[in-house]
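Please look over the sequence and the structure shown here before reading on.

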Amino acid sequence: MEFPFDVDALFPEPITILDQHLRAPARRTGTTTSARSVDLQQQIMTVVDELGKASAKAQHLPGPITSASRMQSNRHVMYVLKDTSARPAGKGAIIGFLKVGYKKLFVLDDRGAHNEVEPLCILDFYIHESLQRHGHGLKLFRYMLEKERVEPHQLAIDRPSEKLLRFLNKHYNLESTVPQVNNFVIFEGFFAHQHPPARKLPPKKAEGEIKPYSSSDREFLKVAVEPPWPLNRAPRRATPPARPPPRSSSLGSSPDRGPLRPFLPEQELLRSLRLCPPHPTARLLLATDPGGSPAQRRRTR
């Protein structure tokens, strides 16, 4: 890939390592002003964005997964390979890149058990279409393994393409994979040589018995229902009840009610109603009624 600025001067080494700061490598000779540093960083960001777009297009992805903004917000490492032989217009060219990073994953082993691991992951890998099958990808991959000090079977690959799977099978004999439920692919021997060792997740605790209601609900159910007044009147006891009923805070007050007692029998209720003296208003009406006979008044009483 060619750019309008001098790529050969921007990346002095054949393979340049970029971190989240996206800074140009320090030169051994000469000094660089602050304005020049900003200009160089902007050029590096342009290279990263264009490489990410080219990789997404080659993999038929809806959008790039590598960009300058993603590099700055994550602790990923990008290995950029430049073309040292061809120098179009004296500005150099970029062959491809390899992006890696450590991620915390939950993966299944060959027995189906969940394991929490944080391996080095292959996140994006791209070689320009015109320069594939020339050994550039193998050169870049070996350089990464040496710098990161890992073995190929210790890697986890994020959504590898068919070309990448054939590449790993051809050069590193990685063929048998351990099935996963996520987009990452791991190979046999991943757990045997994992450093630090994978941590198995503890089993889930059994759920306790679900109670039908809370303790406050049970206390509420113990409260007896009070019959209507005045059938709830009864002689006061010597000792007050353990839990007196709450009084209403609204305006007005109801008659003082005694403790609850059972309903009165029908015969006792009728006898108490017959013995109840007539109201003074009823006496006045009977006294002023000229047609009322003493017998009727007796029946009325």
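**Annotated lysines and a pocket**

Lys57 has its place in helix α2, which covers residues 34–58. This is a predicted model, in which local features need pLDDT of at least 70 and side-chain atom pairs count only at pLDDT 80 or more, while totals for chains, interfaces and linings use all residues. Residues are numbered from 1 along each chain as its sequence is written, and side-chain values use heavy atoms, with hydrogens and water left out.

**Annotated lysines**

- The unreviewed UniProt entry places the feature "modified residue: N6-acetyllysine" at Lys57 and Lys147, and such annotations may be inferred rather than shown by experiment.
- Lys57 counts as exposed because its relative accessibility is 68%, where exposed means over 50% relative accessible area, buried under 20% and partly exposed in between (1.4 Å probe, protein chains only).
- Lys147, found in helix α4, is partly exposed, with a relative accessible area of 47%.
- Apart from neighbours within four places in sequence, Lys147 is in contact (heavy atoms within 4.5 Å) with Ile17 and Tyr79.

**The second largest pocket**

- A pocket here is an open set of points on a 1 Å grid over the protein atoms alone, where a 1.4 Å probe fits and protein lies on both sides within 12 Å along at least five of seven lines.
- The second largest pocket has a volume of about 890 Å³, a volume being the space filled by probe spheres set on the points.
- Its lining consists of 30 residues, and Phe125, Gln132, Lys163, Leu164 and Phe167 lie nearest the centre; lining residues have an atom within 4 Å of a point.
- At least two residues of this lining come from each of β6 (120–127), α4 (136–148), β7 (156–158) and α5 (162–172), where helices (H or I, at least four residues) and strands (E, at least two) are DSSP runs numbered from the N terminus.
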